[in-house]
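Please look over the sequence and the model before reading on.

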Amino acid sequence: MYKQATQKTGEVLSLPPRWLGMYSDFITKNSSAVSQIESALRSLTYIIPGRFRESEIASESLHSGVQVLSLYHDSLLAKAVARIPGAQRQQPTPHSRYTKFWTDRSPTYRRIALVLQMIQYTELLWEMAAKRKGEKMRWRVVVLLEVVKAVCRLLLLRLTNSRPLVSPPLPQREVDPSTLEDSSTSPNGMDTPPTEQETEAENWTMPRTGLSMPSLPDASDISSYLLSKVLTADDIKPPKALLHRVSGKGEVAEVLYILRPVVYALAMQHFSGDRKSWRPWLIGAGLEYGARQLAKKDFQERLAGGLRGLTGLEKEELRKRGWSLGWWMMRGAFYENITKAWIHAVTRKLRNKPLLDMVGGVIEDYEFLWDQYYFPTATL
C-alpha cells in the first residue's frame, strides 16, 4: 500500500516538468504563430473600447501577463537557438551580442536584469492597483518602484565594470521562425544529422576535385546574401568591447541618468497638490538633459574622434535616449499647461467624422491614461 502511494506521488510530481517540456517543444516548433498571437494580444489591449476607464485593471493585467509570458518564451527560444549549428544561426545584432555575453557570464546580471524587466512590464498595473487606495498610496508605490529600478541599474553598472546601460538589459528575440520550425531534432533534443540526399541538395560537388561547396542562393537574392556575409568593425569586436567603460564625468552622467526618475518621482509626490507646478518638470528634464550633455562631453574628450569614435551600439543607445527626451512633452506641467489643450483641440476636430472619430476616441482613452497615471510616459 505504501509503495503504491509512493509510486503515485512520484508520477504526480513528474507531471509538471513533463508538461513544461511539452510546452517548450510546442513554443519552439510554432515560434512564428506564437509571436503573431503575442502581437495580436498586445494590440487588443490597446484598442478594446473603454480600455482605460471601465476596465483598466483587467486590460492592463492582460497586457502585463502577455509581456511577462513573452519574456519566458524568449528564454525558451534562446535555448533552442543555442542548439542550432552555428552556420544556420541568424547574425545577432550588437545589442544581442552584448547582453547575451553578460547574461551568460554573470548569473547575477541575468537575475537583476530579469527583475528589472519584469518591474517595467508590470509597473503600471501596480500603480493602478495602488491608486484604488488613494493618491498617497499611489505615489508611495511609484517612488518605491523607481527606487528599486534605480538600485537594479546601479548594480548592473557595477557588474559591467562601469559600462553604460543598454535598453532593454536582456537580449531581444531575434529568431528566424523557419530556422527553428524546419530544424529536425531527435526525441532527446540532439540535432539529427542530415541525410545524404539533403546534403547533396544543399551542396555542389566540383567535378574534377570532388570537393563540395555550399550552394548559392537564387540570382534575385544574391545581393542580400552577400551583404549578410559582410563583417563590420563591430562584428569582430569582443562583445564587452561594444561599449566603452565610463569614468569621471561619464560615470557621473550615467549615475545622474539612473537617479533622475527617482528624483522626479519624489518631486512629483511632493508637489502632487499642484499638478501645474513647473518645479518637478524643470528638475526632471534638467537632470536628464544635463546627464546627456555631460556624457557627450565625456565622449568627445576621452575617445579618439569624439562622437565619431562611438561604436554602433553606443550610437544606438544615445539615439534612444535622445528620442526619449520627447516624452517630457507628455509629463507634468508641460502636459497640464500645454499638451493637454492641444490634444483636446485635435480630438474635437475629429468628432463626428467617419473613421477619424474612432481615432479621436482612442486618443481620448490614452488621454485618460496620461492624465491619471505616472508610468505610461516613463521611459526608464
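A cavity is a set of points on a 1 Å grid over the protein atoms alone where a 1.4 Å probe fits but cannot get out. Points are joined across faces, edges and corners, and a volume is the space filled by probe spheres set on them. The structure holds one cavity of 30 Å³ or more. This is a predicted model: local features need pLDDT of at least 70, side-chain atom pairs count only at pLDDT 80 or more, and totals for chains, interfaces and linings use all residues. Residues are numbered from 1 along each chain as its sequence is written, and side-chain values use heavy atoms, with hydrogens and water left out.

**The cavity**
- The largest cavity contains about 230 Å³ of space.
- Its lining has 19 residues (an atom within 4 Å of a point). Nearest the centre are Glu254, Ala295, Phe299, Leu318 and Arg321.
- α10, α11 and α12 (312-324) are the elements giving two or more residues to this lining. Helices are DSSP runs (H or I, at least four residues), numbered from the N terminus.
- α11 gives the largest share, six residues.
- By class, the lining has 11 nonpolar, one polar and seven charged residues. Ala, Val, Leu, Ile, Met, Phe, Trp, Tyr, Cys and Pro count as nonpolar, Asp, Glu, Lys and Arg as charged, and the others, Gly among them, as polar.

**α10 against α11**
- Helix α10 (residues 249-270) packs on helix α11 (residues 279-302) at about 170°, with the axes 8 Å apart. Axes are lines fitted to C-alpha atoms over the stretch in contact, and angles run from 0 to 180 degrees between N-to-C directions.
- α10 is therefore roughly antiparallel to α11 (an angle over 145 degrees).
- The contact (heavy atoms within 4.5 Å) includes Leu256, Tyr257 and Arg260 from α10, and Leu287, Glu288 and Ala291 from α11.
- That contact has 15 nonpolar, two polar and six charged residues.

**The second largest pocket**
- A pocket is an open set of points with protein on both sides within 12 Å along at least five of seven lines.
- The second largest pocket holds about 1,000 Å³ of space.
- It is lined by 39 residues, and Gln120, Glu123, Ala378, Thr379 and Leu380 are closest to its centre.
- α3 (56-82), α5 (107-131), α6 (135-159), α12 and α14 (356-372) each supply at least two lining residues. The largest share, seven residues, comes from α5.
- The lining divides into 21 nonpolar, nine polar and nine charged residues.

**α5 against α6**
- The axes of α5 and α6 come within 10 Å and cross at roughly 170°, so α5 is roughly antiparallel to α6.

Methods:
Parallel < 35°, antiparallel > 145°, perpendicular 65-115°, else oblique.
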